[in-house]
Amino acid sequence: MRLEPFRALLLAPSRVGDPASARAFARPYRAVAARLLAWEASGRVTRSQAPALFLHEYTAGGLTIRGLVGAPAIDQRASGLDDRAVWPHEGIHPARVDELASRMFEMGMNPAPILLVHEGPADVRALLKIVTARVPDVEYLDRTEQKQRIWAITDPAEIDAINTSLRDGAALIADGHHRYAAYLQLQEAHPGTAWDRGPAMLVDQTDTPLFLGAIHRTLTGVSVADVCDAALLAGGTVHPEARREALADLAPDTLVLTDSERWAVVAPPRLRASSSWSGCRADSSRRWRNSRHRSPSTTPPRMR
């Protein structure tokens with residue numbers, strides 16, 4: 001793996017977390033580049049002075065994540081599993097990939113990096129510790145009360161040292177499977193251009209580990225009582241609880257069910273922590289869309 005330096009466009013601190021900032025990437029997509037130039041002229045967007053790798057750190061709720069942002073080479077394909085640098089952990093929908101690739105090509109840019117995670121080399125952690133001892137190039141508290149700090153790494157010797165250590169490593173896609181597939185599609189269609197690179201944020205799980213939150217699912221056509229009965233028949237345990245207590249009981253070997261009115265904690269039988277999952281907030285968009293046509297008694301339970 002190799003992270004190439006690049007020149008970045010950054011939202012002004014006052015705009016980070018502002019819902020109105022999403023308009024930068026709104027339709028028509030072909031106007032996005034001109035729109036960002038106008039935003040840069042008005043101070044809503046800033047451009048890095050020189051190509052760099054960026055060390056980006058953000059802290060919220062006592063959790064700090066720090067990662068290197070650079071542009072991995074998309075044009076260098078692996079010849080086999082042994083030299084593969086980027087690994088997925090889930091499938092993709094081809095239609096979604098086509099849509100993203102078309103949108104990005106129309107914009108003429110990559111709007112955000114994908115998120116990669118790896119077990120970083122100790123010498124890279126040591127070098128980045130030196131970097132974080134410097135005064136950040138950017139530091140602020142955004143509108144969502146996340147503390148943001150960014151250091152631009154422009155020293156060729158430091159960039160070479162980082163990439164030398166990363167050369168034989170590999171990373172897992174934590175977020176951005178469809179965007180990564182769109183990167184590959186655009187590179188294949190436009191080789192030898194800027195599409196040979198695609199931005200990524202690389203987080204060292206040993207240094208500032210990502211927190212794996214609970215998975216959420218919506219079940220239609222069944223009630224909380226139905227799922228609880230099924231769990232009991234399968235040999236699991238069920239405990240009806242209030243919302244606060246139920247969420248506090250989330251664990252690798254428990255599920256939390258809710259239809260927004262009733263709550264229950266379910267421990268399925270023989271569910272081992274090493275291979276289990278726990279749920280959290282449900283994807284309730286479908287429930288909202290259909291809320292006019294569903295009575296409370298048939299509201300699907302949500303696994304948290």
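Predicted model: local features only at pLDDT ≥ 70, side-chain atom pairs only at ≥ 80, totals over all residues.

Trainee: Why is Gln 187 called buried?

Mentor: Gln 187, which lies in helix H5 (residues 177-189), has a relative accessible area of 8%, and since buried means under 20%, the label applies to Gln 187.

Trainee: What makes the pairing of the side chains of Gln 187 and Asp 196 a polar contact?

Mentor: The two side chains are joined at 2.9 Å, and the cut-off for such a pair of N or O atoms is within 3.5 Å. Asp 196 is also among the residues that Gln 187 touches, together with Ile 74, Asp 75, Arg 77 and Trp 195, not counting residues up to four places away in sequence.

Trainee: How do you know that the buried residues of H1 line one face of the helix?

Mentor: The buried residues of helix H1 (residues 32-41) are Val 32, Arg 35, Leu 36 and Trp 39. Seen down the axis of H1, they fall within an arc of 95°, so they line one face. On the other side of H1, Ala 34 and Ala 41 are exposed, whereas the cover over the buried residues includes strand S2 (9-11), strand S3 (45-47) and helix H2 (94-107).

Trainee: Which residues have the most contacts inside the largest nonpolar core?

Mentor: In that core of 32 residues they are Leu 68, Leu 116, Leu 128, Ile 153 and Ile 162, and H5 gives the most to this core, with 5 residues.

Definitions and conventions
Residues numbered from 1 in each chain as written. Heavy atoms only, no water. Helix = DSSP H or I, 4+ residues; strand = E, 2+ residues; numbered from the N terminus. Buried < 20%, exposed > 50% of the residue type's maximum accessible area, 1.4 Å probe, protein only. Polar contact = N/O pair within 3.5 Å; in protein donor to acceptor, adjacent residues only side chain to side chain. Contact = heavy atoms within 4.5 Å. Core = buried A, V, L, I, M, F, W, Y, C linked by side-chain atoms within 4.5 Å. Arc of directions from axis to C-beta.
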